[in-house]
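Visitor: Hi! Could you walk me through this structure?
Guide: Happy to, let's take a look together.
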Amino acid sequence: SPRDAMMEREFQLAGRGAGTGLGIQAIVAGLALAFYIYVGLSGGIVTGDDALQDFSDGDDLLPFEQVIPVPRDTEASVWI
């Protein structure tokens, strides 16, 4: 019957796609795993001179008043 033929074609199409798709997914997953292992064994992403910089010297810090001007009162005033 036409219904059985249509269902058979759908099963064949699904079978072809599932076999190929699973193989490609396995290859992509294996390559990703190999890349992650390589990055982990080679010392990770953060290595080199940038990781050793010391940011505690504070020479490049600006006083707050130079970044955002703070209004100063020259006369006695009352803030409410």
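Visitor: Where does Ile37 lie?
Guide: Ile37 is part of helix H1, which covers residues 2–41. Keep in mind that this is a predicted model.
Visitor: How many helices and strands does the chain have?
Guide: There are two helices and zero strands.
Visitor: Changing topic, how many aromatic pairs does the structure hold?
Guide: There is one aromatic pair. The partners are Phe35 and Tyr36, with ring centres 6.1 Å apart.
Visitor: Why is the pair called tilted?
Guide: The ring planes of Phe35 and Tyr36 sit at 55°, so the pair is tilted; edge-to-face would need over 60 degrees.
Visitor: And Tyr36, buried or exposed?
Guide: Tyr36 is exposed, because its relative accessible area is 57% and the cut-off is over 50%.
Visitor: What about the whole chain, how much counts as buried?
Guide: Of its 80 residues, 1% count as buried. The chain's accessible surface is about 7,900 Å², and carbon and sulfur atoms account for 64% of that.

Conventions: Residues are numbered from 1 along each chain as its sequence is written. This is a predicted model: local features need pLDDT of at least 70, side-chain atom pairs count only at pLDDT 80 or more; totals for chains, interfaces and linings use all residues. Side-chain values use heavy atoms; hydrogens and water are left out. Rings of Phe, Tyr and Trp (its six-membered ring) pair if their centres lie within 6.5 Å; planes under 30 degrees apart count as stacked, over 60 as edge-to-face and the rest as tilted. Buried means under 20% relative accessible area, exposed over 50%, partly exposed in between (1.4 Å probe, protein chains only). Helices (H or I, at least four residues) and strands (E, at least two) are DSSP runs, numbered from the N terminus. Accessible areas come from the Shrake-Rupley method with a 1.4 Å probe; for residues, only the protein chains shown count as cover.
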